[in-house]
Amino acid sequence: QVQLVESGGGLVQAGGSLRLSCAASTSGRTFSSYLMGWFRQAPGKEREFVAGISRIGITTYSADSVKGRFTISRDNAKNTLFLQMNSLKAEDTAVYYCAADRSTTVRARTSPNDYDYWGQGTQVTVSS
C-alpha cells in the first residue's frame, strides 16, 4: 500500500519554473520497489503521461511535449519523487498527479492504467 501527497504547485508566469514534490508513505514494500510517474489533467481533457522513472532512478522517460523542459527524479532515502518544470507554457496548466506502479516490469509505463496508487493532485497554472 502506498499513500502519495503532492506539493509545490501554484501560479507562475510563462517561462518560469516550478518544482513539484510527491511524498510517499509505504507499508509492506519500500518506496524504491515502485516505478513512479507524473501525469497531468487539464479541464475537459484526459489524464496524460508526463514523465516516468525507474525504481532506482537511473532510467527516465518523458512525453514529447515536455522533453528538454521537465525533469523527473527521486530520492529513495527520503521516499520522495520530484518533477522540475522549466520554461513553463500556458498549455502546461493542469492538475499534476504522482503515481506508483507496483508491477515488476522494467518497461516504460506511460498509461494511467499501468499505475496502482495516485496522489490527490496539485494545481499548476501558467499565465501567458
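How many disulfides does the structure hold? The structure holds one. The points below concern a predicted model.

1. Disulfide. C22 and C98 are the bonded cysteines, with their sulfur atoms 2.0 Å apart. The torsion about the S-S bond is about 50°, so the disulfide of C22 and C98 is right-handed. The bond links distant parts of the chain: C22 belongs to strand 3 (residues 18-26) and C98 to strand 9 (residues 94-101), 76 residues apart. Both C22 and C98 are buried.

2. Nonpolar core. The largest nonpolar core has 35 residues, and L4, W38, L81, L83, M85 and Y96 touch the most other members. Two or more residues come from each of strand 1 (2-7), strand 3, strand 4 (35-41), strand 5 (48-53), strand 7 (70-75), strand 8 (80-85), strand 9 and strand 11 (122-127). The most is given by strand 9, with five residues. As background, nonpolar side chains in soluble globular proteins tend to be buried together.

3. Surroundings of L83. Neighbours within four places in sequence are left aside here. L83 is in contact with L18, R19 and L20, with W38, with V50 and A51, with F70, T71 and I72, and with Y96. Two of these partners, W38 and Y96, are listed with L83 among the core residues that touch the most other members.

4. S21 lies in strand 3. With a relative accessible area of 18%, S21 is under the 20% limit and therefore counts as buried. Leaving aside neighbours within four places in sequence, the contacts of S21 are V5, E6, S7, W38, T80, L81 and F82. W38 is also in contact with L83.

5. Aromatic pairs. The count comes to seven aromatic pairs. One of them, Y34 with Y117, is edge-to-face, at 6.2 Å centre to centre and 80° between the planes. Y34 is in the loop between strand 3 and strand 4, while Y117 is in strand 10 (residues 117-118), 83 residues apart, and the pair links distant parts of the chain. Both Y34 and Y117 are buried. F49 and Y61 form a stacked pair, with 5.7 Å between centres and 20° between the planes. F49 is in strand 5 and Y61 in strand 6 (residues 60-62), twelve residues apart. Both F49 and Y61 are buried.

6. Aromatic cluster and charges over rings. F49 and Y61 belong, with F39, Y97, Y115 and W118, to one aromatic cluster. The ring of Y97 has the charged end of R47 over it, 3.8 Å from its centre. Y34, described above as the partner of Y117, has the charged end of R29 over its ring, 4.4 Å from the centre.

7. Salt bridges: R69 and D92. The structure holds seven salt bridges. In one of them R69 pairs with D92, the closest N and O atoms being 2.7 Å apart. The pair links distant parts of the chain: R69 is in the loop between strand 6 and strand 7 and D92 in the loop between strand 8 and strand 9, 23 residues apart. R69 is buried, with a relative accessible area of 11%, and D92 is buried at 0% relative accessibility. Side chains of opposite charge can pair when their charged atoms come close.

8. The side chains of D101 and R109 meet at 2.6 Å, N to O. D101 is buried at a relative accessible area of 0%, and R109 is buried at 14% relative accessibility. R102 forms a salt bridge with D116, with 3.5 Å between the closest N and O atoms. Both R102 and D116 lie in the loop between strand 9 and strand 10, so the pair ties together parts that are 14 residues apart in sequence. R102 is partly exposed, at 44% relative accessibility, and D116 is partly exposed at 32%. Salt bridges that share partners also join R40, E48, R69 and D92 into one network.

9. A108. The loop between strand 9 and strand 10 also holds A108. A108 counts as partly exposed because its relative accessibility is 48%. Its C-alpha atom is separated by 7.2 Å from that of G52, which is 56 residues apart from A108 along the chain.

Conventions. Residues are numbered from 1 along each chain as its sequence is written. This is a predicted model: local features need pLDDT of at least 70, side-chain atom pairs count only at pLDDT 80 or more; totals for chains, interfaces and linings use all residues. Side-chain values use heavy atoms; hydrogens and water are left out. A disulfide is a pair of cysteine sulfur atoms within 2.5 Å. Helices (H or I, at least four residues) and strands (E, at least two) are DSSP runs, numbered from the N terminus. Buried means under 20% relative accessible area, exposed over 50%, partly exposed in between (1.4 Å probe, protein chains only). A nonpolar core is a set of buried Ala, Val, Leu, Ile, Met, Phe, Trp, Tyr and Cys residues joined through side-chain atoms within 4.5 Å. Contact means heavy atoms within 4.5 Å. Rings of Phe, Tyr and Trp (its six-membered ring) pair if their centres lie within 6.5 Å; planes under 30 degrees apart count as stacked, over 60 as edge-to-face and the rest as tilted. A charge sits over a ring if NZ of Lys or CZ of Arg is within 6 Å of the ring centre and within 35 degrees of the ring normal. A salt bridge is a side-chain nitrogen of Lys or Arg within 4 Å of a carboxyl oxygen of Asp or Glu.
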